[in-house]
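Open the model in your viewer and keep the selection tool at hand. We will take the tour one stop at a time, and each stop tells you what to pick.

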Amino acid sequence: MTIAETAAGVEQRRRLVTAIPGPASQALMDRKAAAVAGGVGTTLPVFAVRAGGGIVVDADGNHLIDLGSGIAVTTVGNSAPRVVAAVQAQVADFTHTCFMITPYESYVAVAEALNRLTPGDHAKRTALFNSGAEAVENAVKIARSFTGRPAVVVFDHAYHGRTNLTMAMTAKNMPYKNGFGPFAPEVYRAPLSYPFRDGGLDGAEAARRAIELISVQVGATNLAAMVIEPIQGEGGFVEPAPGFLSTLAAWCRESGVVFVADEVQTGFARTGDLFACEHEGVVPDLIATAKGIAGGLPLSAVTGRAEIMDAPHVGGLGGTYGGNPLACVAALAAIETIEADGLVERARQIEQRMKSRLEDLARSDPRIGDVRGRGAMLAVELVVPGTTQPDAVLTRAVAAAAHRAGVIVLTCGTDGNVLRFLPPLSISDELIDDALDVLAETFRTTTVTS
Ligand SMILES: *Cc1c(COP(=O)(O)O)cnc(C)c1O
């Protein structure tokens with residue numbers, strides 16, 4: 001794949017022609033403030049007009065380097081050629097019939113692809129939905145239906161979405177939950193493996209600590225599902241120590257608990273494996289996917305063991321738009337792009353290129369306490385030097401300075417002190433190097449004390 005093919009005519013160079021935001025974006029921000037609900041926030045107040053390769057073009061003509069992919073969604077790139085062609089053809093044929101009324105082949109083909117590609121060679125089934133939260137909710141519904149048990153275990157720092165059940169499953173109060181309760185019952189939280197913060201507890205020990213707490217406070221016989229992100233997303237890109245996931249998965253198997261991997265953020269080549277669970281050879285019973293699945297079109301899925309997936313009664317799963325035909329053909333095109341263009345390998349190359357630079361930066365700047373992540377899902381955790389005390393003020397300042405210099409970076413973490421990098425896999429090496437130069441300069445010139 002050449003950059004020219006991916007970029008839909010978007011010049012692959014960072015270029016600022018106005019301040020960020022420029023006047024056109026500022027005028028649109030004023031309209032947004034007057035028309036859009038105040039609760040819908042904005043990370044970077046520039047309005048996009050075009051995007052492709054590794055660049056987002058804003059309403060003022062600024063070219064920004066995209067290290068966010070719209071939160072890990074445009075993994076195959078924005079306006080990826082196969083996705084564009086597939087959607088254009090489909091939209092002219094038919095846009096919606098509702099798969100539950102008169103089905104169509106593309107939905108079945110996506111299910112077949114996910115059954116083939118997800119970890120494990122057991123018999124599988126898939127159901128399609130619209131959003132990551134909806135996939136997680138349905139994974140819980142399916143696990144409850146299969147086990148006849150009520151409880152769900154999730155982990156510290158977890159993020160699973162913004163619907164009522166998934167708010168309950170999400171750890172962080174602000175901004176996701178505050179004032180929005182009461183929340184769904186029977187959701188219990190267990191401690192995570194967090195190598196930077198748990199004093200070198202190894203993965204198996206951290207898992208035993210979680211299992212002990214679950215056994216005492218919930219009881220395995222009440223537990224339908226354990227839901228976990230193999231690398232946490234919004235919670236801070238926390239990568240559990242080796243052995244954590246596999247020990248938990250083994251305990252779930254022994255205890256009749258459905259082990260659900262929430263790979264909404266980590267899935268589809270993002271981490272340098274097609275799915276992050278593969279890194280340790282963990283085979284989840286159910287896997288929830290979304291974000292990177294369809295090149296930017298809204299689609300999500302639950303895929304898993306046939307006997308679990310087939311537990312709910314006929315008509316028990318579905319939704320008006322779930323597996324919309326435009327989203328399904330986009331997913332097939334995105335999957336073809338990942339396979340044909342070697343994007344799993346590309347994610348590994350991006351890891352090598354970026355991680356060594358980030359590690360260099362950490363060696364020269366004691367405010368960077370940890371560099372972590374895999375593939376094109378990398379992060380730095382910012383702390384008061386010599387401690388693990390989070391520095392959210394610095395994190396916000398560095399992100400804002402990067403934005404002003406034309407690099408889209410996102411923050412995350414329960415304490416808001418993690419800068420995360422999620423470039424599209426269609427980005428060029430030149431843009432990665434330029435973005436890292438900007439970042440190094442940004443760290444050099446940003447001095448704030450929290
Ligand atoms: C984004 C995300 C979700 C929620 O997905 P939506 O499409 O925003 O509903 C769930 N789990 C994880 C791990 C996520 O990153």
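Helix axes here are lines fitted to C-alpha atoms over the stretch in contact, and the angles between them run from 0 to 180 degrees between N-to-C directions. Keep in mind throughout that this is a predicted model.

**Stop 1: H5 and H11**

Please select helix H5, residues 105–117, together with helix H11, residues 325–340; their axes come within 8 Å and cross at roughly 35°. The crossing of H5 past H11 is left-handed. To see the contact, show side chains on the H5 side for Ser-106, Tyr-107, Ala-109, Val-110, Ala-113, Arg-116 and Leu-117.

**Stop 2: H4 against H11**

From H4, pick Arg-82, Val-83, Ala-86, Val-87, Gln-90 and Val-91. Their partners in H11 include Pro-325, Leu-326, Val-329, Ala-330 and Ala-333, and also Ala-334, Glu-336, Thr-337 and Ala-340. The contact of H4 with H11 divides into eleven nonpolar, two polar and two charged residues.

While you are here, step back to the loop between helix H3 (69–72) and H4, where you will find Ser-79. Its phi is near 55°, a positive value in a residue other than glycine. Most residues other than glycine have a negative phi.

**Stop 3: H8 and H9**

Next, select helix H8, residues 203–217, and helix H9, residues 244–255, whose axes come within 7 Å and cross at roughly 35°. H8 passes H9 in a right-handed crossing. Which residues of H9 does H8 meet? They are Phe-244, Thr-247, Leu-248 and Trp-251, and H8 brings Gly-203, Ala-204, Ala-206, Ala-207, Ala-210, Ile-211, Ile-214 and Ser-215. By class, the contact of H8 with H9 has nine nonpolar and three polar residues, with no charged ones.

**Stop 4: the ligand**

Now centre the view on the ligand and show the residues that surround it: Ser-131, Gly-132, Ala-133, Tyr-159, His-160, Gly-161, Glu-229, Asp-262, Val-264, Gln-265 and Lys-291. A polar backbone atom of Tyr-159 is 3.4 Å from a nitrogen atom of the ligand. In the side chain of Asp-262, an N or O atom is 2.7 Å from a ligand nitrogen atom. For Gln-265, draw the line from a polar side-chain atom to an oxygen atom of the ligand, at 2.8 Å.

**Stop 5: cis peptide bonds**

To finish, zoom in on the backbone. Most peptide bonds are trans. Ile-20 and Pro-21, however, are joined by a cis peptide bond with omega about 0°. Look for Pro-21 in the loop between helix H1 (3–6) and helix H2 (23–35). Then move to Gly-181 and Pro-182, where a cis peptide bond has omega of about 5°. Pro-182 sits in the loop between helix H7 (164–169) and strand S6 (187–190).

Technical notes: Residues are numbered from 1 along each chain as its sequence is written. This is a predicted model: local features need pLDDT of at least 70, side-chain atom pairs count only at pLDDT 80 or more; totals for chains, interfaces and linings use all residues. Side-chain values use heavy atoms; hydrogens and water are left out. Helices (H or I, at least four residues) and strands (E, at least two) are DSSP runs, numbered from the N terminus. A crossing is left-handed if the near helix is turned anticlockwise from the far one by less than a right angle, and right-handed if clockwise. Contact means heavy atoms within 4.5 Å. Ala, Val, Leu, Ile, Met, Phe, Trp, Tyr, Cys and Pro count as nonpolar, Asp, Glu, Lys and Arg as charged, and the others, Gly among them, as polar. A residue is near a molecule or strand if one of its heavy atoms lies within 4 Å of it. A polar contact is a pair of N or O atoms within 3.5 Å; within protein, one must be able to donate a hydrogen and the other to accept it, and residues adjacent in sequence count only if both atoms are side-chain atoms.
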